[in-house]
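Let's take a walk through this model together, one corner at a time.

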Amino acid sequence: MINYEDAKEKIESIEGNVLLVNKGIPYVHLSALDEAVSNDALYNTRAMKMHAKIGAGITYGFSTRLGGVSKNEFADMNLGLKLGDDYIAVLENYHRFCSAIGVDENKISCPDQIHETRIRLVTEEDAGSGISRLLDEDHLGVDGQVTNVRNLPLIVYDADCVPIIAYDPVRKAIGTAHAGWKGSVAGIARKLISTMQGAFESDPQDILVAIGPSAGPESYIVDEDVAKAVKDAALSMNLGQAKIDKLVWGPSTFAGQENKYKVDLWRLNRAFLLDAGLRAEHIFISGLDTIALHDVFHSHRVTGGKRGLNAGIIMLK
């Protein structure tokens, strides 16, 4: 298991990432997002500038494998309750991680995450669903959540899939989305923004989005059907060939990887966010590759599914 010093060096070698630690538990922040929620130079409306002067209105963090109490393939910080890990150990992991980033684990609203695009509007009644009680029935089939309720944490799980968190500092609203390749090509990132527009009258140009640690383009090797789905998604946004060429590479001719492709889900989700109306400078990609950094993050690809879950959590203060 990697130690904190080595993990910090690896994470912070990728520009824009910071490995913070509180109460002995490490978690990832994106320095550009932190700057954006506190620097009015990036804001284009008077309301956003007024918000910046009263400070950041969210707390958030992306977990690593460090700091938990789980054993074996789940070591150390596993946040998946349905993977066969010791239930009490996972609850302790939640307590440690949530205490570190400053949220109450018993109020978290959990998604089901089935690789689709359903986004749920979360209210006070959803607090604790999936953690302090069994997952509510109306959370089944949910891959994203939005809320404007303060002190109600939203969580998104991943172990190579793309975790997305969003914050509207003007309408005081947040959102999350789980974007595996199926959700990514189906445009869940764009749907997250449209849901915030519909629920809170958010202006996409005000929304800040972070794309967290996940499978990177140099590591994410797929079959032709996935590569085609990514291309088709790009074409649906009328992206030109030059941009499509940055999303899909292949087929490979290397031994053992014949007819395989590499795809960039980070750029694809960014393209959907831009298509939804976000400003380019309000989209922050961590660039942390969970496959390459599988000693720091859980990776489904590397372990063949024998692993825990990472998570991103965001909460309105």
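Is R120 buried or exposed? R120 is buried, at a relative accessible area of 15%, where buried means under 20%, exposed over 50% and partly exposed in between, with a 1.4 Å probe and protein chains only. Before going on, a word on ground rules: this is a predicted model, so local features need pLDDT of at least 70 and side-chain atom pairs count only at pLDDT 80 or more, while totals for chains, interfaces and linings use all residues. Residues are numbered from 1 along each chain as its sequence is written, and side-chain values use heavy atoms, with hydrogens and water left out.

Back to R120, which has a salt bridge to D138 with the closest N and O atoms 3.2 Å apart. The two sit in distant parts of the chain, 18 residues apart: R120 is in strand β4 (119-121) and D138 in the loop between β4 and β5 (144-147). D138 is partly exposed, at 36% relative accessibility. Salt bridges with shared partners tie R120, D126 and D138 into one network. A salt bridge here is a side-chain nitrogen of Lys or Arg within 4 Å of a carboxyl oxygen of Asp or Glu, and the count by this rule is 13.

Another one pairs E92 with R96, with 3.0 Å between the closest N and O atoms. Both belong to helix α4 (residues 87-101), and because they are 4 residues apart there, about one helical turn separates them. Helices are DSSP runs of H or I with at least four residues, strands are runs of E with at least two, and both are numbered from the N terminus.

Now for some open space. The largest pocket holds about 770 Å³; a pocket is an open set of points on a 1 Å grid over the protein atoms alone, where a 1.4 Å probe fits, with protein on both sides within 12 Å along at least five of seven lines, and lining residues have an atom within 4 Å of a point. Of its 32 lining residues, D112, Q113, Y157, R307 and L309 are the closest to the centre.

The second largest pocket has a volume of about 240 Å³. Helix α9 (residues 265-275) gives the most to its lining, with 5 residues. Among the residues lining this pocket are M237, K243 and D275.

Terms used: Points joined across faces, edges and corners; volume = space filled by probe spheres on them.
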